[in-house]
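Let's take a friendly walk through this structure together. Have the viewer ready, and we will go from helix packing to a metal site and then to a strand.

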Amino acid sequence: MRPAAPFTRRSLVAGLVAAPAVLAFGRARAGGAYAFPLGVASGDPAPDGFVIWTRLAVDPFAADGQGGLSAPVPVRWEIAADEGFRRIVAAGEATAVAEEAHAVHVEAAGLRPGRPYWYRFTALGQQSPAGLSRTTPAPNAQADRLRLAVASCSHWERGYFTAYGHMADEGPDLTLFLGDYIYEYSLGPDRADQKVRAYGLEEATTLAGYRNRYALHRTDAHLQRLHAAAPCLAVWDDHEVQDDYSGIWSKVAATSPRDFLRRRAAAYQAFYEAMPIRRTRLSAAGEMPIYKQVRYGALAEFFMLDGRQYRSRQPCPGGPEGGKGRIVADGACPDRLDPSRTFLGFDQERWLYDGLARASAQWNILGQDLVMAGLRFARPGGDDTYWTDTWDGFPAARDRLTRALSQLKPRNPVVLSGDYHSFWTNDVKLDSRDPGSPTVATEFVGTSITSTGPSHEALSAVMPDNPQVKFFDSRSRGYMTLDITAAGIDARYQAISDVRDPKASVATLRRWAVENGKAGATPA
Ligand code: FE
Ligand code: CA
């Protein structure tokens with residue numbers, strides 16, 4: 001049994017959460033155990049609505065992944081125009097069922113554009129905490145400002161989720177999760193000294209395992225508070241399934257795609273159940289589309305991309321288990337350059353280029369999992385080498401995208417990326433091999449909420465060979481905040497003081513400006 005972390009209320013979302021209910025977590029109550037230990041969330045906003053989410057559980061880490069419930073449970077939901085729930089504008093009843101681990105996704109509609117709403121659930125005689133969500137502005141409305149908070153890579157064992165709490169305090173209009181929201185593995189005995197808090201669960205490989213991983217994360221008070229403070233857009237990276245997997249290929253070369261697809265399907269199902277996203281289902285082929293386009297008035301268009309599900313196999317895979325990304329030299333791995341290889345999958349590529357061709361918003365934001373601008377490891381007297389798990393393993397696919405950006409000319413493309421556990425400010429070049437080629441997009445890479453960064457010294461040493469990278473720092477954990485107006489973007493790299501400190505403070509490490517009409521960020 002894990003004790004609930006102390007719940008801290010802070011100014012911006014004070015009163016949003018029903019504190020007595022949260023404090024009752026884990027205690028037996030008249031009428032049964034507390035049914036909302038996993039909090040509430042909202043996401044996929046539109047001008048007329050958004051998804052509201054909760055998952056009922058009375059025993060959140062029950063070994064069968066069912067949260068201690070089996071029978072269907074009726075759940076009442078309410079959406080109000082005011083924080084005090086005096087003006088209920090939409091309400092209804094949903095049924096939480098065991099097939100979806102008693103997760104509830106309500107796709108609310110009929111609401112007014114560009115305004116806040118409050119929502120809550122009632123089930124098993126208990127009321128959930130309340131959450132704050134927002135509809136997006138009408139498609140052509142001039143929204144004057146959008147505050148985005150951007151997160152990736154939260155390894156539970158590596159530290160406390162204080163960064164999530166600080167994100168909530170910023171009062172974002174929208175939160176982006178760019179992958180590695182959970183990690184499927186646990187630190188082994190050889191790394192026990194690196195554990196700040198234990199997962200206390202087996203490596204997730206089954207539906208029950210993945211469900212309980214998400215459930216554990218959602219008992220975190222900081223993460224609950226962030227989800228209750230703003231709607232989100234969420235995409236996954238590898239660790240929602242398995243480290244470095246690529247499409248239908250496991251990192252373990254001996255695992256057949258057929259066997260791996262079973263594990264992947266379980267992980268995808270658990271992701272759907274855990275996230276406040278619109279209805280998506282596993283196809284007969286074991287695919288589950290999560291990429292999407294979301295418009296935020298005339299100010300911004302989001303293209304949320306899936307850089308894992310439809311990929312080709314890692315080029316020249318390796319590692320101890322035979323299937324991982326590697327650092328490879330061109331001469332030794334011509335497969336890397338094969339133009340028939342894809343990163344997004346050809347359907348998603350076509351969808352993206354169609355969307356970019358029609359894009360009319362001021363800012364076109366590509367939210368996705370992996371560093372796009374690329375990183376060359378130059379070797380004196382030898383071929384350059386590249387880390388193949390990022391877009392660098394799929395250069396022909398990247399060339400197709402950068403050419404599309406150059407030819408279709410969507411206004412102000414900005415790429416937001418995760419995965420690398422470090423802050424980067426990049427120019428995405430038309431030709432990644434030619435630093436003199438035009439910059440087609442601005443890229444910001446967020447660091448991690450908790451996951452340990454790569455060696456700062458080792459990577460800093462290769463940056464002189466990579467002029468497309470204007471800034472790199474892997475020493476801080478945290479997140480990014482982007483304040484977006486028609487004139488420009490003010491991006492802040494927010495670093496927490498210490499991932500091992502449950503009361504860590506936050507400070508701005510760097511600030512960047514992007515001007516309307518000019519690709520590439522400048523220090524602000
Ligand atoms: Fe990660
Ligand atoms: Ca990753």
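Are H2 and H4 roughly parallel or roughly antiparallel to each other? This is a predicted model, in which local features need pLDDT of at least 70, side-chain atom pairs count only at pLDDT 80 or more, and totals for chains, interfaces and linings use all residues. Residues are numbered from 1 along each chain as its sequence is written, chains are lettered from A and ligands numbered from 1 in the order in which they are written, and side-chain values use heavy atoms, leaving out hydrogens and water.

Helix H2 covers residues 162–169 and helix H4 residues 221–229; they pack at an angle of about 25 degrees, with axes 7 Å apart. Axes here are lines fitted to C-alpha atoms, for helices over the stretch in contact, and angles run from 0 to 180 degrees between N-to-C directions. Helices are DSSP runs (H or I, at least four residues), as are strands (E, at least two), numbered from the N terminus. H2 and H4 are therefore roughly parallel to each other, a label for angles under 35 degrees. On the H2 side, the contact (heavy atoms within 4.5 Å) includes Tyr164 and Met167, and on the H4 side Leu223 and Leu226 are among the residues involved.

Now to the metals. The calcium ion (ligand 2) is coordinated by Asp180, Asp237, Asp238 and Asp419, each through OD, at 2.2 to 2.6 Å. Donors are N, O and S atoms within 2.8 Å of the metal (3.2 Å for Na, K and Ca); water is not among the atoms, so sites may look incomplete. Along the chain, the calcium donors follow the spacing D-x56-D-D-x180-D. The iron ion (ligand 1) lies 3.9 Å from the calcium ion (ligand 2), and aspartate 180 coordinates both. Aspartate 180 and aspartate 419 are both buried, meaning under 20% relative accessible area, with exposed over 50% and partly exposed in between (1.4 Å probe, protein chains only).

Finally, look at glutamate 107 in strand S5 (residues 103–107). Glutamate 107 counts as partly exposed because its relative accessibility is 38%. Leaving aside neighbours within four places in sequence, glutamate 107 is in contact with Phe50, Val51, Arg278 and Arg279.

Conventions:
Angles under 35 degrees count as roughly parallel, over 145 as roughly antiparallel, 65 to 115 as roughly perpendicular and the rest as oblique.
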